[in-house]
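User: Can you walk me through this one? I want to go over a helix and then the charged pairs.

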Amino acid sequence: MPTVSNYPRRKPLRLADFDYHTPGAYFVTVVTDRRPPRFGIVDGRGDMVLNELGRAVAEEWLALGTVFPTAALGEFVVMPNHFHAVLWILEPDPTLDRPSLSDTMGRFKSRTTRAHLRLASTRGERAPRLWQCGYHDRVLRDERELEAATDYIAANPTNWREDKWYFAPQGET
């Protein structure tokens with residue numbers, strides 16, 4: 001019988017001793033479970049063409065700005081099997097809740113999963129799990145890192161075939 005000690009330990013994704021309520025910019029990435037393309041395709045010109053679920057992911061991201069007034073949305077891109085964004089945690093307003101990066105990303109993943117389940121249900125399909133556990137983040141510490149992250153996001157569709165999350169369509173080599 002396997003025991004907990006037989007399983008590999010997951011590497012912590014968050015910085016130890018860092019308060020993710022801290023105002024500033026964060027670069028976040030969320031990847032589909034097992035990495036299949038679920039949100040659309042990158043066409044021959046390097047443009048991301050979103051399908052219905054991809055559009056729902058983009059809409060849920062944009063809605064976060066109204067749900068969390070102490071968060072501001074920067075550059076983002078929905079790719080075939082992942083999502084990148086810059087998220088700003090703003091200076092706290094004493095009259096408002098102060099969400100952390102985890103609160104914001106948890107809400108985003110929850111809302112997009114609900115949209116995924118709803119779309120599958122309308123088609124009479126079983127919805128596979130949408131996202132991998134957790135998310136990747138990087139605290140953007142200065143203007144140079146912010147510029148690098150936004151440039152990376154903007155160029156992501158054009159560089160899709162070289163992306164580490166690239167998933168070749170069936171029949172493509």
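Predicted model: local features only at pLDDT ≥ 70, side-chain atom pairs only at ≥ 80, totals over all residues.

User: What covers the buried residues of helix 2?
Analyst: The cover includes strand 1 (24–31), helix 1 (52–67), strand 5 (82–89) and strand 6 (136–140), with contact taken as heavy atoms within 4.5 Å. Buried means under 20% relative accessible area, exposed over 50%, partly exposed in between (1.4 Å probe, protein chains only). Helices (H or I, at least four residues) and strands (E, at least two) are DSSP runs, numbered from the N terminus.

User: Which residues are on the face of helix 2 turned away from its buried side?
Analyst: Arg118, Ser121 and Thr122, which are exposed.

User: OK, salt bridges. How many does the structure hold?
Analyst: Eight, each a side-chain nitrogen of Lys or Arg within 4 Å of a carboxyl oxygen of Asp or Glu.

User: Which residue pairs with Arg111?
Analyst: Glu60, at 3.2 Å, N to O. Glu60 lies in helix 1 and Arg111 in helix 2, so the pair ties together parts 51 residues apart in sequence. Glu60 is buried at 13%, while Arg111 is partly exposed at 31%.

User: And Arg34, buried or exposed?
Analyst: Exposed, at 73% relative accessibility. Arg34 forms a salt bridge with Asp33 at 3.9 Å, and Asp33 is buried at 16%. Asp33, Arg34 and Arg129 are linked in a network of salt bridges.

Notes
Residues numbered from 1 in each chain as written. Heavy atoms only, no water.
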